[in-house]
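Please look over the sequence and the model below. A short report on selected features follows.

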Amino acid sequence: MSDDIENITDTIRYQGKAVSDPEWIPAFLATQKSGVIGLIDDDTPHLVTQLFVYDEDEGAIYLHGAQGGRAHDLVAAGDEPRASFTTHEMGRFIPADEPVNFTVEYSSVVAYGTISFVSAEAEKRRVLELFMDKYAPQLVPGEDYELMSEESIDRTAVYRFAVESWSGKEGWKDSDHPGAYDLDEERESR
C-alpha cells in the first residue's frame with residue numbers, strides 16, 4: 001500500500017537532505033516511538049504528540065486516545081478532515097564558524113492525508129494489538145497482561161490517518177566529524 005502514497009520528497013527546498021529511497025520512509029516510521037498529528041481547529045493549528053503505529057499494508061498511521069478531548073472532537077466534527085503528521089530523530093549538534101550555519105544531525109518524515117475513527121471492534125482490536133506488539137514486544141498477551149476486553153476497546157478512540165503523500169529528510173555526519181557534540185553530554189560535563 002505504501003506504493004500508492006505519493007512521495008513528495010523531491011519538493012523539499014534543500015535537496016541535499018532529501019531521501020529518495022522509497023523503502024526508507026516506512027522503515028523509519030517503524031523505528032520511531034512518537035509523532036505529532038496536526039489538525040485544524042477553525043483557523044488554528046492543533047498539534048498532539050502521540051504514540052503511533054504505521055501499517056504498511058494499509059498505508060495508514062494509527063493513533064489512539066480517549067473518547068473525548070479537543071483532538072477527538074475535531075475528528076468527530078469533520079468528514080475525514082485533512083491532517084498532517086511528523087516524526088523525527090535528532091543526533092549531535094554540528095558547530096560552524098558562524099552561528100547561522102550551526103546545524104544538527106536528524107532524520108524526519110512529514111505526511112499529509114485525512115484522519116478518521118476506526119469503529120469496527122475487530123479492526124480496533126487489531127490496531128491496538130499492533131501497539132502492544134510495537135511498544136511491549138517482550139510481553140505475552142494473556143500471560144504478562146490481560147487480553148483486551150470489549151469494554152476496554154469500546155472506551156478507546158482509535159484514529160486512522162490515511163497517508164496520501166509524504167517526504168523524508170536526513171542529515172548525518174561521520175562519527176569523527178570535527179566539533180560534533182551531544183548536547184546532553186556537554187551539559188553533564190559542566
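Where is the place of E80? E80 sits in the loop between α2 (70–77) and β6. The model is a predicted one.

E80 is not a glycine, yet its phi is positive, at about 50°. Its relative accessible area is 46%, so E80 is partly exposed.

D42 is another non-glycine residue with a positive phi, here about 60°. D42 is found in the loop between β2 (34–41) and β3 (44–51). Is D42 buried or exposed? D42 counts as exposed, because its relative accessibility is 74% and the exposed class begins over 50%.

## Overall layout

The protein chain has five helices and eight strands. Read from the N terminus, the elements run β-α-β-β-β-β-α-β-β-α-α-β-α.

The C-alpha trace of the protein chain spans about 60 × 40 × 30 Å along its principal axes. The protein chain has 190 residues, and 36% of them count as buried.

## Aromatic pairs

How many aromatic pairs does a search of the whole structure find? The search finds seven aromatic pairs. One of the pairs joins F93 and Y181. Their rings are stacked, with 5.7 Å from centre to centre and 20° between the planes.

F93 lies in strand β6 (residues 82–94), while Y181 lies in the loop between β8 (156–171) and α5 (183–188). The pair therefore ties together parts that are 88 residues apart in sequence. F93 counts as partly exposed, at 22% relative accessibility. Y181 also counts as partly exposed, at 22% relative accessibility. Buried would need a value under 20%.

Ring pairs also build a cluster. F52, F85 and F161 are linked in it.

## A negative surface patch

Which residues form the negative surface patch? The patch is formed by D3, D4, D21, E23, E56 and D57.

Take E23 from this patch. E23 is placed in the loop between β1 (6–7) and α1 (24–31). The relative accessible area of E23 is 48%, so E23 is partly exposed. That value can still belong to a patch, because patch residues need over 30% relative accessible area.

## Points to look at in the model

For the backbone, view D42 with its positive phi of about 60° and E80 with its positive phi of about 50°. For the rings, view the stacked pair of F93 and Y181, then the cluster of F52, F85 and F161. For charge, view the negative patch that includes E23.

Terms used: Residues numbered from 1 in each chain as written. Predicted model: local features only at pLDDT ≥ 70, side-chain atom pairs only at ≥ 80, totals over all residues. Heavy atoms only, no water. Patch = residues over 30% accessible without salt bridge, like charges linked within 9 Å, V, L, I, M, F, W, Y side chains within 5 Å. Areas by Shrake-Rupley, 256 points an atom, 1.4 Å probe, with all protein chains shown as cover. Salt bridge = Lys/Arg side-chain N within 4 Å of Asp/Glu carboxyl O. Lys, Arg positive; Asp, Glu negative; His and termini not counted. Charge placed at Lys NZ, Arg CZ, Asp CG, Glu CD. Helix = DSSP H or I, 4+ residues; strand = E, 2+ residues; numbered from the N terminus. Buried < 20%, exposed > 50% of the residue type's maximum accessible area, 1.4 Å probe, protein only. Phe/Tyr/Trp six-rings, centres within 6.5 Å; stacked < 30°, edge-to-face > 60°.
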